[in-house]
Amino acid sequence: LFCISEGKNLDEALNHLASVQPRLDSLKQQHQVRKYTRIGSFLLSDSIAQHRLQQWNAFWTPAKKEQLLHAYANSAQALGLNLTAFRSPAVWLLPDHPHRAQDADSVFRHLFRDLIQEDRTGVHVLTLLKVTQSQRKQVLHLFSDSHNPVFTDRQAVTQQWVHVIQDDFYKILFLTSFMVFFTILLSYGRIELALISFLPMVLTW
């Protein structure tokens, strides 16, 4: 199955994808979805990243930081390690850490380049879901009320293309028939003769 979330930019598309993430996780635990690409676990929208950063800073209170640094120093001393040989955990506990570095975003965008499509209408993020054939209709029904992201599969896409081609075919056929009839009418100059000549062609089409 395909889960397609869209937005004016990547941040908005990722937010829409995050709105169905808990339901996808629940279906995976219930074995209705075998597995799916978790692009949202690597590329976070700005709002989600900010929320998690706030949770990080709220967890590391001054007391917890002091306790960790004290345990780190004691363990290093007991093992005979030089504290200056390694980066201190204090660096990871700075108020502005962890942050989403631009180079990390670039790496993940490159890794998922086939799942992120940008055009004039905006950004589309594709998530692939693997489900059994027996669960396909049920999973599609569960997300039938979702308009963004949209859930579909190859069969639905193929049917949609067939309908589009049929609609275009009938439109082209109608225009061609009108042009042929008009040409015959101009040639014969009488509508009776034009109809007599045109009817066999209509019946064969």
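**Phe151, the core and its surroundings**

Leaving out residues up to four places away in sequence, Phe151 touches Phe2, Cys3, Val20, Leu24, Leu129, Leu140, Phe143 and Ser146. The model behind this picture is a predicted one. Phe151 also turns up in the largest nonpolar core, a set of 24 residues. Together with Ile39 and Leu129, Phe151 is listed as having the most contacts inside that core. H1 gives the largest share, with four residues.

Next comes helix H2, which runs over residues 21-29 and has Gln21, Leu24 and Leu27 buried. Looking down the axis of H2, the buried residues sit within an arc of 125°, so they line one face of the helix. There is a simple bit of geometry to keep in mind here. An α-helix has 3.6 residues a turn, so residues three or four places apart point the same way. The other side of H2 carries Pro22 and Gln29, and these are exposed. As for the buried residues of H2, what covers them includes two helices, H1 (10-19) and H6 (133-142). Strands E2 (35-36), E4 (122-130) and E5 (150-152) are also part of that cover. Leu24, one of the buried residues of H2, is among the residues that Phe151 touches. Just after H2 the chain reaches His31, whose phi is positive, at about 65°.

Ser5 belongs to strand E1, which covers residues 2-7. Its relative accessible area is 0%, so Ser5 counts as buried, the cut-off being under 20%. The side chain of Ser5 comes to 3.3 Å from the backbone oxygen of Ala13. Once neighbours within four places in sequence are set aside, Ala13 is also on the list of residues in contact with Ser5, along with His16 and Leu17. The rest of that list is made up of Val123, His124, Val125, Asn148 and Pro149.

Ser41, by contrast, lies in the loop between E2 and helix H3 (46-59). Its relative accessibility is 35%, so Ser41 counts as partly exposed. Along the chain, Ser41 and Ala18 are 23 residues apart.

How values were computed: Residues are numbered from 1 along each chain as its sequence is written. This is a predicted model: local features need pLDDT of at least 70, side-chain atom pairs count only at pLDDT 80 or more; totals for chains, interfaces and linings use all residues. Side-chain values use heavy atoms; hydrogens and water are left out. Buried means under 20% relative accessible area, exposed over 50%, partly exposed in between (1.4 Å probe, protein chains only). A polar contact is a pair of N or O atoms within 3.5 Å; within protein, one must be able to donate a hydrogen and the other to accept it, and residues adjacent in sequence count only if both atoms are side-chain atoms. Contact means heavy atoms within 4.5 Å. The arc is that of the directions from the helix axis to the C-beta atoms. A nonpolar core is a set of buried Ala, Val, Leu, Ile, Met, Phe, Trp, Tyr and Cys residues joined through side-chain atoms within 4.5 Å.
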